[in-house]
Amino acid sequence: MQRIYLDHNATTPLHPEVKKAIIESIDVFGNPSSLHEDGRRARALIEDAREKVAGLINADPEEIMFVGSGSEANNTVLSLVSCSGARCSLHAPVESDLVISAIEHPCILETSKCLKNRGTTVKRIGVDKRGLVRMDDLEQAVSENTSLVSIMMVNNETGAIQDVQRALEIAHASGAMFHTDAVQAVGKLPLDVKKLDVDFLTISAHKIYGPKGVGALYVKKGTPFCPLIRGGHQEMGRRAGTENTLGIVGLGRAVELRALEMEAEAERLTGLNRLLREGIESRIENIHFNSDPACCIHSTLNVSFEGVEGEALLLYLDYEGVEVSTGSACASGSLDPSYVLLEMDLPIEFTHGSLRFSMGRSTTREEVDYVLDVLPGIVRKLRRMSTVYGGER
Amino acid sequence: MSSWLYTDKVKDHFMNPRNIMFDDEDFQFDAEGKTGNIKCGDEMIFYLKIDPDTLTITDCRWKTFGCASAIASTSVLSEMIKGMTLDDVRNITNVDIMNELGGLPDNKVHCSVLGDKALAEAINNYYRGHGMEDKVHDAESRIVCECLNVSEEEIEHAVLEGARNYYQLQEMTKVGTSCGKCEDDAKERLAFYLDKHFQINVCVQT
């Protein structure tokens with residue numbers, strides 16, 4: 001059966017050109033730190049990729065460090081807050097505050113919990129019904145004690161685009177550093193780190209048709225830094241470990257392709273997203289959209305169906321060849337439904353029945369039409385057996 | 001399609017659930033029982049038709065707001081109980097249901113107790129309605145986990161059956177596996193029964 005992949009926020013398939021670039025480099029085995037020819041060949045590929053990544057976000061190449069994942073980049077930045085070594089480049093006192101949003105990726109939320117246990121004051125800023133971080137609350141929370149503010153650029157579940165510019169101004173006004181997890185934004189929205197004046201920015205390769213296991217962290221020149229992984233001079237002493245040459249080649253090619261494709265794709269996906277949204281709205285009643293097109297990215301549509309459970313929906317769709325994700329508790333293996341939807345104050349009956357459609361470069365109108373063909377029947381089937389829909393309550 | 005998340009039998013019962021209560025069918029029943037809570041993401045109702053002379057279940061229907069495992073395990077349970085006496089049905093455990101399904105992933109085991117518990121409620125409902133209060137189970141036992149209707153008695157029973165830590169207790173009773181609010185209470189009860197029956201002193205993290 002032909003699979004319809006609408007889970008691009010989870011991960012993306014390799015772009016054929018990325019695949020080609022990786023295969024072309026597959027025999028480059030040299031250690032990029034070696035001085036001989038094999039080493040130099042690997043080094044050249046890495047530095048070439050660094051220039052490409054820097055180019056996409058208007059950074060200088062030396063401001064880009066390669067890491068093993070977006071999660072690693074985020075862990076690296078947050079770990080700076082607890083660093084208090086007298087000889088360290090960063091003199092942030094241990095009691096300095098960390099301010100994050102309540103809808104950050106778990107790699108930020110979990111790391112901040114750990115920091116809290118070590119004595120850092122962590123302030124979590126909530127969101128409004130549309131999933132936008134409350135800037136008034138952020139302004140209240142940030143003080144001279146704040147060393148770092150971390151607000152994601154685009155939320156992975158709803159696609160809500162945060163006012164990073166404003167958040168950054170609030171942080172800088174109090175002398176705090178500002179980090180943004182941009183893994184869901186890079187390659188989808190135009191980004192200029194110089195204009196934005198961000199201190200740290202996280203990029204992940206596999207969200208933009210690159211390989212898994214590689215990402216990049218932008219660190220503005222002159223920003224205090226302390227490595228998370230120590231014991232090597234790689235990446236200007238910022239991240240020990242022999243570089244993942246092939247992964248980095250893939251990331252470099254992926255960002256290059258994003259620069260070429262993202263503008264036309266944004267326009268195309270905006271249309272398809274609208275089609276999907278309007279199609280669902282006209283075919284299925286008692287639903288709630290968790291993505292507001294006025295403030296959400298073109299590729300994501302999160303919608304809840306009253307009276308049905310998300311995992312059941314997901315698996316029926318999977319059976320029909322459509323691959324999506326859900327914020328239901330049952331699907332995640334945890335006991336709670338999506339914390340992002342809960343933070344948005346979504347009525348509880350909607351939180352367990354959410355689906356996230358995330359489109360990408362391969363998504364077509366025919367695929368959206370097919371989803372609109374099969375989805376109403378699936379929702380109807382589940383609602384007929386539901387304790388909380390129609391019939392007796 | 002590549003291997004499914006669940007066994008073929010789970011898939012079959014999920015795709016084609018048996019004995020669902022459809023509102024247009026006008027199914028006449030003698031007892032009903034409900035468990036779970038929409039807030040916890042799982043809710044289940046069982047409807048039973050019972051032969052008053054033999055106290056045998058002649059037919060049943062159910063409804064659920066739940067995931068694939070909840071749908072499949074309840075569907076298979078609804079097939080198992082037809083023709084069984086109420087006393088025999090009481091002895092069905094979620095392990096029996098899982099065996100019938102050929103197993104469930106570990107994190108899905110708790111979904112299989114929903115049907116079981118709704119069924120127990122329906123049986124109690126029948127006894128109460130037919131002057132057999134003495135046969136009602138768990139009537140006075142305090143409910144610890146409101147989401148999944150887990151009583152103190154069930155926690156005690158699980159401890160007697162081998163639960164030695166909170167994880168095992170959850171595996172067996174599903175206590176606190178939904179909203180989690182009762183965790184401290186359940187851990188305290190666990191410690192109490194471990195001490196009472198086995199003189200085991202545990203440090204309960206709360």
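Colleague: Which residues in helix 2 of chain B meet which residues in helix 5 of chain B?

Modeller: The model is predicted, so local features need pLDDT of at least 70 and side-chain atom pairs count only at pLDDT 80 or more, while totals for chains, interfaces and linings use all residues. Residues are numbered from 1 along each chain as its sequence is written, with chains lettered from A and ligands numbered from 1 in the order in which they are written.

From helix 2 of chain B come B:S69, B:A70, B:S73, B:T74 and B:L77, and they meet B:S112, B:L114, B:G115, B:D116 and B:L119 in helix 5 of chain B. A contact here means C-beta atoms, placed from the backbone, within 7 Å; helices (H or I, at least four residues) and strands (E, at least two) are DSSP runs numbered from the N terminus. Sorted by class, this helix contact has four nonpolar, five polar and one charged residues. Nonpolar stands for Ala, Val, Leu, Ile, Met, Phe, Trp, Tyr, Cys and Pro, charged for Asp, Glu, Lys and Arg, and polar for the others, Gly among them.

As for geometry, helix 2 and helix 5 of chain B pack at an angle of about 45 degrees, and their axes are 7 Å apart. That angle makes helix 2 of chain B oblique to helix 5 of chain B. Axes are lines fitted to C-alpha atoms, for helices over the stretch in contact, and angles run from 0 to 180 degrees between N-to-C directions. Under 35 degrees counts as roughly parallel, over 145 as roughly antiparallel, 65 to 115 as roughly perpendicular and the rest as oblique.

Next comes the sheet. In chain B, three strands form an open sheet in the order 1-2-3 with antiparallel pairing (two strands pair if DSSP finds at least two bridges between them). Its edges are strand 1 and strand 3 (56-65) of chain B, each of which pairs on one side only. With direction ignored, neighbouring strands of this sheet are turned by 15 degrees against each other on average. Nine bridges join strand 2 (residues 42-51) of chain B to strand 3 of chain B in the antiparallel sense. Opposite B:L48 stands B:C60 in strand 3 of chain B.

Both helices pack on this sheet. Helix 2 (residues 68-80) of chain B touches strand 2 and strand 3 of chain B, and its direction makes about 170 degrees with that of strand 3 of chain B. Helix 5 of chain B touches strand 1, strand 2 and strand 3 of chain B, with a direction at about 140 degrees to that of strand 1 of chain B.

Further out is the domain level. An automatic or database domain assignment supplies the bounds, and for chain B it gives domain 1 (1-137) and domain 2 (140-206). Taken over C-alpha atoms, the centres of domain 1 and domain 2 of chain B are separated by 23 Å. Their contact takes 11 residues from domain 1 of chain B and eight residues from domain 2 of chain B. On the domain 1 side, the elements giving two or more residues are strand 1 (31-37) and helix 5 (112-129) of chain B. Strand 1 of chain B has the largest share of that side, three residues. The classes on the domain 1 side are three nonpolar, five polar and three charged residues.

Finally, chain B also touches chain A: 25 residues of chain B are in contact with 23 residues of chain A. On the chain A side, helix 10 (310-319), helix 11 (329-332) and helix 13 (348-351) each supply at least two residues. Helix 10 of chain A gives the most to that side, with four residues. The chain A side divides into 11 nonpolar, eight polar and four charged residues.

Chain A has a helix pair to set beside yours. Helix 9 (residues 245-283) and helix 14 (residues 365-384) of chain A pack at about 15 degrees, their axes 10 Å apart. Helix 9 and helix 14 of chain A are therefore roughly parallel to each other. Their contact divides into nine nonpolar, one polar and two charged residues.

Note on methods. Two residues are in contact if their C-beta atoms, placed from the backbone, lie within 7 Å.
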